[in-house]
Amino acid sequence: MQKVADTAHRAGRADRTMAQSSSEALARPVGGEWSRTPVPGAGHAPGWSKVPQVTALFWGVKVLTTGMGETASDYLARTLGPIPAGGLGLAGLVALLVLQFRSTRYRPVVYWSAIVMVSVFGTMAADVVHVVAGIPYTVSVIAFSLGLAGLLTVWYASEGTLSIHSIRTRRRETFYWATVLTNLPSGLLFTALIAVPALSGRFLGLNAVAAFWWAYVLTRPLGASFADWMGVSTARGGLGWGTGPVTLALIVPIVLLVGYLAISHKDTPSELPATGTAA
């Protein structure tokens with residue numbers, strides 16, 4: 001009987017060792033994915049999304065970053081000149097996107113810093129195209145709108161989904177940030193418009209993915225409109241606070257909110273079943 005007990009004990013210890021080895025294997029990135037990919041016989045493993053959960057705080061920080069991007073771009077362009085400011089903005093954007101792509105999971109400070117630089121450089125790029133090349137903003141908006149529609153079409157054809165909750169592979173993250181980068185270019189009007197996708201999703205059955213991207217695109221003119229209203233002179237119908245002070249004023253709540261998210265993990269994505277290319 002003692003022999004049987006010893007044998008059973010050793011077998012149980014071996015099973016636990018194998019389970020631990022399987023668990024460690026799940027944690028290793030495979031095939032360029034950051035999600036923990038299941039190994040044969042191990043079942044489904046949790047995967048890590050590279051973008052935050054979509055909550056009220058997400059939309060609040062997003063609008064603040066677009067507003068800050070508008071005023072920061074204007075301030076830097078006037079202080080340094082459009083071309084040097086654009087070069088500085090591009091360097092900052094590339095550096096932060098490299099950090100974001102190298103991250104193995106969603107990290108609030110890295111993600112939102114990259115979003116801020118997208119807003120800053122996006123405004124700079126649109127202004128340089130208009131001021132230096134003389135291309136009207138209307139033409140830029142139409143061109144980038146067509147580019148956005150084409151990119152979303154290619155994304156869906158490649159992956160079968162546009163859901164940000166499936167951003168768990170290198171290719172999907174590339175599609176996500178490429179889509180974010182195409183969003184270059186009366187506050188109350190856009191506030192009303194941005195409520196439409198939320199209400200349509202709740203009461204009219206609008207697809208959740210379509211509602212998200214609709215609202216995401218509208219955060220750009222919404223944030224820019226209010227930032228411009230605060231920054232421009234009273235003669236132009238604004239508050240006359242100046243683009244520099246408005247930029248600093250918007251940085252404060254952004255830093256506080258992102259710091260809160262980093263500490264509280266309120267928007268950290270839940271672990272999702274990762275099956276390689278699952279939606």
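# Helix packing in a predicted model

The protein has an accessible surface of about 14600 Å² (Shrake-Rupley method, 1.4 Å probe), and 69% of that surface belongs to carbon and sulfur atoms. This is a predicted model, where local features need pLDDT of at least 70 and side-chain atom pairs pLDDT 80 or more, while totals for chains, interfaces and linings use all residues. Residues are numbered from 1 along each chain as its sequence is written, and side-chain values use heavy atoms, leaving out hydrogens and water.

Student: How many helices and strands are in the protein?

Tutor: Count DSSP runs from the N terminus: helices are H or I with at least four residues, strands are E with at least two. The order along the sequence is α-β-α-α-α-α-α-α-α-α-β. That gives nine helices and two strands.

Student: What share of the 279 residues is buried?

Tutor: Buried means under 20% relative accessible area, with a 1.4 Å probe and protein chains only. Across the 279 residues, the buried share is 40%.
One case is Ser 119 in helix α4 (residues 108–131). Ser 119 counts as buried because its relative accessibility is 7%. The share for the protein is 40%.

Student: Which residues does Ser 119 touch, not counting those up to four places away in sequence?

Tutor: Contact means heavy atoms within 4.5 Å. Thr 66 lies 53 residues from Ser 119 along the chain, yet their C-alpha atoms are separated by 5.3 Å. The residues touched are Thr 65, Thr 66, Gly 69 and Arg 220.

Student: Is the crossing of α2 and α9 left-handed or right-handed?

Tutor: The axes of α2 (residues 56–80) and α9 (residues 243–264) come within 8 Å and cross at roughly 150 degrees. Axes are lines fitted to C-alpha atoms over the stretch in contact, with angles from 0 to 180 degrees between N-to-C directions. A near helix turned anticlockwise from the far one by less than a right angle is left-handed, clockwise right-handed. For α2 and α9 the crossing is left-handed.

Student: How does α3 run relative to α6, parallel or antiparallel?

Tutor: The axes of α3 (residues 82–102) and α6 (residues 170–181) come within 12 Å and cross at roughly 150 degrees. Angles over 145 degrees count as roughly antiparallel. So α3 is, relative to α6, roughly antiparallel.

Student: Which residues of α3 and α6 make the contact?

Tutor: The crossing of α3 and α6 is right-handed. From α3 come Leu 93, Leu 97, Gln 100 and Phe 101; from α6, Arg 170, Glu 173, Thr 174, Trp 177 and Leu 181.

Technical notes: Angles under 35 degrees count as roughly parallel, over 145 as roughly antiparallel, 65 to 115 as roughly perpendicular and the rest as oblique. Buried means under 20% relative accessible area, exposed over 50%, partly exposed in between (1.4 Å probe, protein chains only).
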